[in-house]
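The structure is shown first, and the notes follow.

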Amino acid sequence: MMSESDPVGAAPREALLQVENLRIEFPTRRGVLVAVDDISFHINEGEVLGVVGESGAGKSLTGASIIGLLEPPGRIAGGEILLSGRRIDHLPYEDMRRIRGREIGMVFQDPLTSLNPLYTVGRQLIETIQTHTDLSEQAARKRALELLGEVGIPAASQRIDQYPHQFSGGMRQRVVIALALCINPKLVIADEPTTALDVSIQAQIIKLLKRLCHEHGAAVMLITHDMGVIAETADRVAVMYAGRIAEVGPVSQVIKHARHPYTHGLMGSIPMIGHDMERLTQIDGSMPRLTEIPRGCAFNPRCPKVMERCRLDRPEPLPVGNSQVACWLYDDPSAEVEEIVFGEAENG
Amino acid sequence: MADRVEAMPEDSGDALVRVTDLAKYFDVSPPWLTRVLQNEPRLSLRAVDGVSFDIPRGKTFSLVGESGCGKSTVARLVVGLYRPTMGSIEFEGVDMASLKTRAQMAPVRKRLQMIFQDPFASLNPRWRVADIIAEPIRAHGLMSDDGEIARRVGELLEQVRLSARDGEKFPHEFSGGQRQRISIARALASNPDFLVCDEPTSALDVSVQAQILNLMKDLQRELGLTYLFISHDLAVVYHISDYLGVMYLGRLVEWGAAREIFREPRHPYTRMLLDAIPDLEMSGRQRIPVAGEVPSPISPPTGCHFHPRCPFANDRCRTEMPLPIATATGEVRCHAVEEGRLTEELIRAKRAEAGIAN
């Protein structure tokens, strides 16, 4: 499927994180639901991979499975997750605990739930630093102070002894970023890090996350529903739909020349300042529930370019330019793909 | 606000809703005993502090701002869920405060309806969709015959692009976008002229948001509706609005024709909000980085509320509250604009400075 010369398609050997054919299932009384269905991707060292999709696409589950925080009854039912070449998807709890924080840092959406309300932020930072290093209490506190300064918390030496509720939302998210980066992890998984914040704060947090990860040499898996955040931050982007990756490629490619009809429709449905449109592109219907994912390509009932084959066979990712696209339109490399136009159909 | 009539001559005669010097203060004092024992003063939160604007008939007026700026409070004041502390709201020239009894209020009430942000919280989970939509019809006594009501409910469901058969179902059987359609159908049930929409698409995914925004525009055209649209998302606001007001800590810092404000923002806060939007087109445009956070509305900064975050603030901004100045299509409250300090060169210099800092 993947050509050797393709710079994006084949995962380079030195890829920091490699996910191969990952499958996440939820057993229920009425049968097994497949939430993430056979997805593969990689993240290189120091790279920012954006994972974008609408609610229920499986993006957060993918992130949770990498850090080993998939909540039961969800389970990894197939595939492998490799960090620096080492399999981490079936490690015992204690081993995984050592990887979390030291090798993989995490930033979640709601900073209030990721911080313990009963401890000062300093206590939480020092505890994390001491868990993973041999630093003394004094040295750890010094390091914590440095970190708080680095994430832009004013008067860090006073605020280090305050509790999370004394911080504003944006400041709390800065503390969470300090926590995620305190042991210099190689990978940070950021799940909707700015969704709960106001636009002006969001812009500051994105900039901070980008700068710090660059300085610390950490790669980032940035999970979000906001294409704007991806455009500002990511090097590559994977677009997820109904538990599968529709398209993955360099961010400018995906944003400016979306190949998959879903990505194309998604981009058209985002209102943009300066673009005067009477109507936004409308992808009719909604993402299928896990119980009723259609056969073949999961997007086929909503796709304006649907073909007979899409209803029967499931498309695998195919290299198109620098991207990989799971769509039968690109099966024949010589064929020209006409512009994808979504209908003006009114039924939702 | 005498300038307003000159500012909008063509619309001033046909304003469906006129809000004048509207204010809402909330009492957030500690309990009486605490005040007495610890000698603490009463505290009041000025959620909305002297806001004035007009909404012309058949148009969309949007209010944008960050959380805590008072935009949702304005929405609730306009539909009558809160009583204003000061100021007036006129609906078709009738002052809402003059309507004292239920009987006086009823004919106005059915003509203004509200759509809420969270379609999971705003629909009763134990009621069938048909009953939810029929509630305003029954409450306002618009129809009494059950068959007639059922027909009207079917019509409303089809108007929001659902099927008449969906009335038999319960809200949990629908997705977020479909639920928001049901909220819209319920709001339309009493044949309103004016809809107040408080972040109607903020809880939805982008592709579903596009469906709802398209539907709202279609309905506006078909039924001649007037919208007050509350949002924090400037791109959505750009798409849907004719007029735009930007709020900061309870005050309207700038308002006017939406296209005009987007093309030529005047107030430094409006500029900052526009600069904060992620650059989706990856054009690499130069922007002034955003700094600081919204201060507490309980003790807002003196003078212009925005001065601690404003790159152009001077001593006058720190002490004196700016008054509205008329612009081509609206008003702006800024000393720097009034004094002509905010020149293109200055802004370009600030941007270049920021570019180096980056």
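## Strand pairing in chain B

B:V17 has B:I55 as its bridge partner in β2(B). The model is a predicted one, and this pair belongs to an antiparallel pairing between strand β1 (residues 15-27) of chain B and strand β2 (residues 44-56) of chain B, joined by 10 bridges.

β1(B) also pairs with strand β4 (residues 86-91) of chain B, again in the antiparallel sense, over 5 bridges. Within β4(B), B:E90 is the bridge partner of B:R18.

## The sheet of chain A

Chain A contains an open sheet of 8 strands with mixed pairing, in the order β6-β7-β8-β3-β9-β10-β12-β11. Its edge strands, β6 (104-107) and β11 (318-320) of chain A, each pair on one side only. From one strand to the next, the twist averages 20°.

One pairing in this order is that of strand β3 (residues 48-52) with strand β9 (residues 236-241), both of chain A, which is parallel and extends over 4 bridges. A:V52 has A:V239 as its bridge partner in β9(A).

## A buried alanine in chain A

A:A178 is part of helix α7 (residues 169-181) of chain A. Is A:A178 buried or exposed? With 25 other C-beta atoms within 10 Å, A:A178 is buried, because 20 or more such atoms are enough for that class.

Once neighbours within four places in sequence are left aside, the contacts of A:A178 are A:L125, A:L147, A:L148 and A:V151. A:A35 and A:A178 are separated by 143 residues in sequence and by 32 Å in space, C-alpha to C-alpha.

## Helices α8 and α9 of chain B

Two packed helices are described by the angle between their axes and the distance between the axes. For helix α8 (residues 176-188) of chain B and helix α9 (residues 206-223) of chain B, the axes come within 9 Å and cross at roughly 20°. That angle makes α8(B) roughly parallel to α9(B), since angles under 35 degrees are classed that way. The crossing of α8(B) past α9(B) is right-handed.

On the α8(B) side, the contact is made by B:G176, B:G177, B:Q180, B:R181 and B:I184, and on the α9(B) side by B:V208, B:Q211, B:I212 and B:L215. By class, the residues of this contact of α8(B) with α9(B) are 4 nonpolar, 4 polar and 1 charged.

## Contact between the chains

How many residues does each chain bring to the contact? Chain A brings 35 residues and chain B brings 33 residues. On the side of chain B that touches chain A, at least two residues each come from α8, α9, α10 (234-240) and α12 (268-276) of chain B. α9(B) gives the most to that side, with 8 residues. The residues on the side of chain B that touches chain A divide into 18 nonpolar, 8 polar and 7 charged.

One helix pair spans the two chains: helix α8 (residues 199-216) of chain A packs with α12(B) at an angle of about 50°, with the axes 8 Å apart. α8(A) and α12(B) are therefore oblique to each other, and α8(A) passes α12(B) in a left-handed crossing. In α8(A), A:V199, A:S200 and A:A203 meet B:M272, B:L273 and B:A276 of α12(B). The contact of α8(A) with α12(B) has 5 nonpolar, 1 polar and no charged residues.

Methods
Residues are numbered from 1 along each chain as its sequence is written. Chains are lettered from A and ligands numbered from 1 in the order in which they are written. This is a predicted model: local features need pLDDT of at least 70, side-chain atom pairs count only at pLDDT 80 or more; totals for chains, interfaces and linings use all residues. Axes are lines fitted to C-alpha atoms, for helices over the stretch in contact, and angles run from 0 to 180 degrees between N-to-C directions. Angles under 35 degrees count as roughly parallel, over 145 as roughly antiparallel, 65 to 115 as roughly perpendicular and the rest as oblique. A crossing is left-handed if the near helix is turned anticlockwise from the far one by less than a right angle, and right-handed if clockwise. Two residues are in contact if their C-beta atoms, placed from the backbone, lie within 7 Å. Ala, Val, Leu, Ile, Met, Phe, Trp, Tyr, Cys and Pro count as nonpolar, Asp, Glu, Lys and Arg as charged, and the others, Gly among them, as polar. Two strands pair if DSSP finds at least two bridges between them. A residue is buried if 20 or more other C-beta atoms lie within 10 Å of its own, exposed if 12 or fewer, and partly exposed in between; C-beta atoms are placed from the backbone.
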